[in-house]
Amino acid sequence: MDKSLHFTICVLTALLLLRESSQAGEEKDPEVLPAGFNPPGLICLCVQEDPYVMVRGAELEGYCMELLAALAGMLRFQYRVRVVGDGQYGAVAAGGNWSGMIGEILRREADIAVAPLTVTSAREEVVSFTTPFLQTGIGILLRKDTASQDMSFFHFLSPFSKETWTALLFAYLLTCFCLFLVARLSPCEWNEPKNEENHFTFLNSLWFGAGALALQGATPRPQALSVRVIAVVWWLFTLALLAAYIANFTALLSSGSEQLPIQTFEDLVKQRNLEFGTLEGSSTFYYFKNSKNPIHQMIYEYMEKRREHVLVKTYQEAVQRVMDSNYAFIGESISQDLAAARHCNLIRAPEVIGARGFGIATTQASPWTKPLSIAVLKLRESGDLDYLRNKWWETSCLRQSRERWGPLEPPALGGLFLTLGIGLALGILAALAELSSSSRRAAAHAKKSCCSVFTEEICTRLRIKGAARQSQETSGKANA
């Protein structure tokens, strides 16, 4: 009995040990919790920079903090956050040693670095990077009043393009000519052409059209239906046109969106009004140093010769210097977009070079690199990274860029011009119908052909004397 009880206890003990070992093996799955890792000991480096990591009271918050929390929730690990000692991202010193976060990762003072750390070939040689969680490039940050050209004397013409102004002038002349023509053809506007003087001369028609453009009434007043059709269509055309002009002109004035003289890095090199520089020891600085592009080499030589004056220590210092002086900052475009969103007097030049990404740095051969990369990809596929990007890069500036508020081209007002054309055609047809009706009555009264009377009326109203005289002579011979 004692032997059987002892055997039963041994079997139960063995089953319990096997179950605990299997659970421990699951917890140490390399895709969830790497083997040999002490959860409370994972040290995560960060750098204090808005909006990635910011101090709020006694806690840290920001894009990187939320990203780190999301990764910890997916991979089930614990962590401790520490701000990098020297505040640097990482660059090679004169002796070959690395500074900043890269240096601390190499010295194994930290396990991972979650920060806007650019993935470069030099850094990839000494540490490992995960899949980038943010895509960026190199751009130029400017202050609006230093980047904008002075308004030209004819800046009031900027809301419309040259083609639109040309089309508007043509539409104005065509409409005035149609008013003049229809007013002469319509018997309701001009009952006795031999005895009366037509009020809609060409000059009066031009004045009438100009009055509508200025939203002012102008004489003479149209009486015939055909003339009123053209007048109403022209009034609607001018109302829509003036609304488009005022809206676009207001946007141009409020946004300062005149053409920037500095569109590219070549423009930056050619100008002499602004100093320019970047973060000292940053990947941007070494990008220009290693580039074979002549323009990039000129930028590097300029910064190297004046490094004590144009290179800045921190991103906050760079933004403040752009706001306070004639200085252009060359740096990560995504950080510049944030600065332009937070400070409405700043703007980023259109050109972006050197496409790159921000990745999480780990020690080489770290078991964390692959799981973190997979987790970043999952966050991207689920839209969480886009959500974080929109949340922390939200702007309070109601700015309208030139890409949205440029001069209006003719295709944008195509429907308006088409409506005007249809209205002119209807007015001319209505005038011909009125004249035809009057000619039929006159022909019946004079016992003449309708066509001959219609032709005489047209010649008389248009003052075509030669044709009218010939028509009268022909009619006289026929009566004789």
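**Charged pairs and cores**

Author: D50 is partly exposed, with a relative accessible area of 26%, where buried means under 20% relative accessible area, exposed over 50% and partly exposed in between (1.4 Å probe, protein chains only). This is a predicted model, in which local features need pLDDT of at least 70 and side-chain atom pairs count only at pLDDT 80 or more, while totals for chains, interfaces and linings use all residues. Residues are numbered from 1 along each chain as its sequence is written, and side-chain values use heavy atoms, with hydrogens and water left out.

Reader: Which residue forms a salt bridge with D50?

Author: The partner is R342, and the closest N and O atoms are 2.8 Å apart; a salt bridge here is a side-chain nitrogen of Lys or Arg within 4 Å of a carboxyl oxygen of Asp or Glu. Because R342 belongs to helix α14 (residues 333–342) and D50 to the loop between β1 and β2 (54–56), the pair ties together parts that are 292 residues apart in sequence. Helices (H or I, at least four residues) and strands (E, at least two) are DSSP runs, numbered from the N terminus.

Reader: How many salt bridges does the structure hold?

Author: There are 12, and one of them joins E332 to R356, with the closest N and O atoms 3.5 Å apart. E332 sits in strand β9 and R356 in strand β11 (residues 353–358), so this pair links parts that are 24 residues apart in sequence. Both E332 and R356 are buried. Elsewhere, salt bridges that share partners join E280, E304, R307 and K313 into one network.

Reader: Changing topic, which residues touch the most other members in the largest nonpolar core?

Author: M101, F288 and F329 do, out of the 48 residues in that core; a nonpolar core is a set of buried Ala, Val, Leu, Ile, Met, Phe, Trp, Tyr and Cys residues joined through side-chain atoms within 4.5 Å. Among the elements that each supply at least two residues of this core are β1 (43–46), α3 (100–106) and β9 (327–332). A second, separate core of 32 residues includes M65, I334, W368 and L388.

Reader: What does M101 touch?

Author: Leaving aside residues up to four places away in sequence, the contacts of M101 (heavy atoms within 4.5 Å) include L45, V84, Y89 and L117.

Reader: How many helices and strands does the chain have?

Author: The chain has 19 helices and 12 strands, and buried residues make up 44% of its 480 residues.
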